[in-house]
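Grab your viewer and work through a few exercises. Each one sets a task and then walks through the solution.

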There are 2 protein chains.
Amino acid sequence: MATRVSEPAKTELDQLCINAIRMLAVDAVELASSGHAGAPMGLAPAAYALWDRVLQHDPADPAWPDRDRFVLSAGHASLLLYSLLHLTGYDLPLDELQRFRQWGSKTPGHPEYGVTPGVEVTTGPLGQGVGNAVGMAVAERILANRYNRPGHEIVNHFVYCICSDGDLQEGVASEAASLAGTLGLNRLILLYDSNGITIDGRTDISFRENVANRFHAYNWHVDGPIDGNDPDAVETAIKAARVETGQPSLIILNTTIGFGSPNHAGTSSIHSDPLGDEEVRRTRKALGWNFDPFVIPDEVNDHMRGAIERGRQAHTHWNTRLAAYRADYPDEAAALEKDLAGELPDGWEAALDGAHATADSAMATRVASGIALNAAADVVQSLTGGSADLAGSNNSTMKGRSLFQSEDQAGSNIAFGVREHGMGAIANGISVHGGLTPYTATFMIFADYMRPAIRLAALSGYPVIYTFTHDSIGLGEDGPTHQPVAHLMSLRAMPGLVVIRPADPHETIEAWRVALARRDGPTVLVFTRQSTPPLDASDARQLAQGAYAVLDCEGEPEIILIATGSEVAPTLEAGRKLAEAGRKVRVISMPSWELFDSQPPEYREELLPSAVRTRIAVEAGSGIGWERYVGLDGDVIAMDSFGASAPGGVNMEKFGFTADNILSRSKTLLEQSGQ
Amino acid sequence: MATRVSEPAKTELDQLCINAIRMLAVDAVELASSGHAGAPMGLAPAAYALWDRVLQHDPADPAWPDRDRFVLSAGHASLLLYSLLHLTGYDLPLDELQRFRQWGSKTPGHPEYGVTPGVEVTTGPLGQGVGNAVGMAVAERILANRYNRPGHEIVNHFVYCICSDGDLQEGVASEAASLAGTLGLNRLILLYDSNGITIDGRTDISFRENVANRFHAYNWHVDGPIDGNDPDAVETAIKAARVETGQPSLIILNTTIGFGSPNHAGTSSIHSDPLGDEEVRRTRKALGWNFDPFVIPDEVNDHMRGAIERGRQAHTHWNTRLAAYRADYPDEAAALEKDLAGELPDGWEAALDGAHATADSAMATRVASGIALNAAADVVQSLTGGSADLAGSNNSTMKGRSLFQSEDQAGSNIAFGVREHGMGAIANGISVHGGLTPYTATFMIFADYMRPAIRLAALSGYPVIYTFTHDSIGLGEDGPTHQPVAHLMSLRAMPGLVVIRPADPHETIEAWRVALARRDGPTVLVFTRQSTPPLDASDARQLAQGAYAVLDCEGEPEIILIATGSEVAPTLEAGRKLAEAGRKVRVISMPSWELFDSQPPEYREELLPSAVRTRIAVEAGSGIGWERYVGLDGDVIAMDSFGASAPGGVNMEKFGFTADNILSRSKTLLEQSGQ
């Protein structure tokens, strides 16, 4: 087929399919007057080679567990993915592409997990997809090592990821890539769209590194640069990467952004602007594309929908193999299926029940977390996780399990290194892969480092458990550089997230129960470095309501004290003194705003009666937001500055988190309110 | 001098000085029962070589502008720095080392800018210091190119940074290092403490990359690994790195963590635990150190305080050269001195005054920001900054200035690449270097990517201006992956930060005025993608009070409506309709909580009378926190979910940010309050 732009020779059908992808992107952006056609135009041949010739997937069942995973880390190229999903027969009709970026469509501006059939993971914020892909490749190996048996390769798939220059500039991708090389993740194949252009112009104004050499240094197999317009070369490179053992692979593709656009190809102007009628006409001509917008020639549809039959066969074959596996290994098969369904095994709640006895003494909630985690992990095989190099401090190691290493990919303790952001993105990938229950651990101060990953989990509903220890100025000597102040409130401000800051060892165990039970979104668990006295274990189950009274009075209270975490103990002490002085006092432990706010109005009104306005909140974090519960007439004892380097107890005293100060402020408040 | 541990031969005096550093760290950690002695023990010989033989500094004047900068990115090794500062004669007496990590001391757990004389920048959260050092090296070159003249090398210094394995695992360091190579920052010399140990054990459980090759790939000069116990080798490597032209340098030091401790050297146990009495005794013996805790032999003091006289001479010589420069180039010298003092040149306010006329029409506040920035930049030469690859969208380019590039290091527009976190850390480094006024730009969604850097600026009071455009669901089609929801409130929750979200072009200009005038801390400026109608220009100066009435009534209002940014316009419209219907209404534009909260109580009470409880807040962000101004009886129209991919106007309507909905909710509230 003659085209006016120069490309490596290919069959007419291949060329037609490739141009179909390109023109769907062009026409959808044009119709929406918004979006990014340039990257899909440049990537179409490589993506076509991958999807048409290599990718194992079943368009009729996007949830087939043993499918290859495809991650479009360069999420702004969403139309590349939407076009491929449409053309290969997923439930994504043309009219959805025509509603690109419109309210309620299945084709949002960037790919969103749960919105579009076949979209594996939400991408767009650059670098995240690379981390997600690393996580998926970890998950595949853990499950393969756990469940495969001789002659039964029931878990056996690859993870493909397309990334851009921008992805590779992001630190989160660097972190994940370094770890992937260390862990020898040979199921991971990363295709790098090297087009020399970013939004601000030529990449070399800000990016002159030798990417191939960088990935060599990370212990990756590196191929290329190869011509991204040559699907045969791409196919060859991918197949070579698949047989590489022991290393993840990077395939560098030299591409032209906006390929086919006579005036804008290879320029930054095409990155994120529609081409306009005239240039679209020229592009059609240059590509030899004689079809109207959204018209796909039959031969393209016929050919690309071959994926449906190939997928059906592969999936059927796998079903047959699964049946054979089930016959030989019924227990393993049952466990695998339960894991893949995201169900927890019987007995997990009993395991946590049992942990209360172990945790019934004064201890840091981080220590209680280690007890809860290990109690759960004894039953919940799918638990997988670790720390960003603070495993001892975080109490995040599952005892009796090995470390996931290049040499032992069965391990489910993961040493993420000092890479919080990568850890977050990898945990998201493990989660969205399916079959595992990921958790992470670090100091709470570093929640900020991984916040973009937490946000994507919250947006997309990945049930990841993020644990953070050393949760306030109470951590002491490390000082304000390491003392979170804004973190709790910043996490509460994020929709889709449940944040829990337990007050004692028992609440800690119950916090883990809530987190493990939550299957439709992420949970943040926040723990102290310092010791907390145990509250009444029989009350702790009320943590699930988010807030409950730990001290109460007859009838309507004169004053309500609310606290979380390590501040519950001094607040309770102040409450008791007020009660001893004859005051009608209620003290509330409020480990989770989100859980409390989702209770029925009656419960909330009963616990926090509208008529009682003399309220005081106590939390060693930013006070912004506590007016939600104490209003304009209450008081908030909180941090309105950063902390200090001093022993934790000294900090708590200097910043006012003592029973005496809480008592004093309570009395003042009672006086002000005329009581 | 005989020691029982094996080290490369050195003079007795050198060995004594090195051991003094080691033992100050050991004894201070022991006294505090907290801290990290292991890294200082391993790094002492290299740091001694740098500080005793190379570093140009003046202990009597830590603010000497042309001093070399020293950044301890591995901030947990703070005692290395404190020991060096004490021994070389800074105003840091021994008793401060004895109060290590205690309330009110000058020796916090991690180095803090502004607390300890000679500490250049706050470090501890890993990776940040590497980015800060890159920023300092950028600043040095910009100032050198701007102010030096033939025969007058008035700006001419180096930036040395010591980093750990953990620093190099962090993505922020990767981002900064890649950019440093691209920009050819030859004044930057990074010493990498490769000790093979992290907190969780051997580094190779999570970190097997070839660091040397990675930095080669970034276009760095790489030397080593060399023996970190050999100060001569370290000195030679540093001096070789200084003559490298056109590249930043990495010197890899093979060191032993906890060197000298017979039982713990080379193990992770020494990373962050005191040694204990017995092991301290053994360490003294192994190092041949026969002095009591905190006793420094005279010959060590005599030798190391040589830095005072060397510093005095170097500084005096520079003063002489500055005088000669001032004689030949009086205008340049005056401008340099003003820049170094952090003062803005005359006329900068008039320039902003003039911008109002240009901005007096409906436009996005991001466009108005570009107008304000350029008006200021015409006068304020020290403005230096740019975008993380979104310069066009952010309107962040200073017209008529060149791009800082390897080939033209006079440029003060910086193309950071897609590296938000690196950008933040680099901007902090530029700021704390002195002489420049840095700003950054990206989409607001990516504030999360750079949040740890913003936090350190807020903690340490660096006057960086962080601008963020595309500030809400109003950005439209890019969808929820790119629409900030929690970001505004999360930034407001951070102490030390001033956050300003202007409502219109005029407020935008005034927001820049506040940001530029603020010299003791960072400012976040938040701008829309979409157009906003201009308010009354004559009111805009009230932005400095944080909140003011844009519509008012006679006497006490029945209802108060509060909004920020793009929500002010529909709120004002709703307010006008209420007024037309006979209601007594006040509408408040509240661009900055921090500025408002710092007003006198009288102003706040006048604007928001305690007696008026019928209040409604409108902001297209997380609603948590708005109860601070509307209390338990008010209403908040905000985002309690993520956004959607649709045109911005559609989003605003669907999520309730229309005049009609605000009007309707206001009426409901008035009814509920019985008015």
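**Exercise 1.** In which helix do A:R513 and A:E510 both lie, and how many residues apart are they?

Before we start, some ground rules. The model is predicted, so local features need pLDDT of at least 70 and side-chain atom pairs count only at pLDDT 80 or more, while totals for chains, interfaces and linings use all residues. Residues are numbered from 1 along each chain as its sequence is written, chains are lettered from A and ligands numbered from 1 in the order in which they are written, and side-chain values use heavy atoms, with hydrogens and water left out.

*Solution.* 
- Step 1: both residues sit in helix α20 of chain A, three residues apart, about one turn of the helix. (Helices are DSSP runs of H or I, at least four residues, and strands are runs of E, at least two, numbered from the N terminus.)
- Step 2: A:R513 and A:E510 form a salt bridge, with the closest N and O atoms 2.6 Å apart. (That takes a side-chain nitrogen of Lys or Arg within 4 Å of a carboxyl oxygen of Asp or Glu.)
- Step 3: both partners are buried. (Buried is under 20% relative accessible area, exposed over 50%, partly exposed in between, using a 1.4 Å probe and protein chains only.)

**Exercise 2.** Find which parts of chain A are linked by the salt bridge between A:E120 and A:R67.

*Solution.* 
- Step 1: the closest N and O atoms of A:E120 and A:R67 are 2.6 Å apart.
- Step 2: A:E120 is in the loop between α4 (94-98) and α5 (128-147), and A:R67 is in the loop between α2 (38-53) and β1 (69-72), so the pair links distant parts of the chain, 53 residues apart.
- Step 3: A:E120 and A:R67 are both buried.

**Exercise 3.** Work out why the pair A:D471 and A:R501 ties together separate parts of the sequence.

*Solution.* 
- Step 1: these two form a salt bridge, with 2.8 Å between the closest N and O atoms.
- Step 2: A:D471 lies in the loop between β12 (465-469) and α19 (487-492) and A:R501 in the loop between β13 (498-500) and α20 (505-517), so the bridge ties together parts 30 residues apart in sequence.
- Step 3: A:D471 counts as buried because its relative accessibility is 3%, and A:R501 does because its value is 0%.
- Step 4: for context, a search of the whole structure finds 86 salt bridges over all chains.

**Exercise 4.** Over to chain B: which way do the residues of strand β20 point?

*Solution.* 
- Step 1: strand β20 (residues 635-639) is mostly covered, with five of its five residues buried.
- Step 2: B:D635, B:I637 and B:M639 point one way, while B:V636 and B:A638 point the other way.
- Step 3: β20 runs parallel to strand β19 (residues 615-622) of chain B, and four bridges join them. (Two strands pair if DSSP finds at least two bridges between them.)
- Step 4: one of the residue pairings is B:A617 with its bridge partner B:V636.
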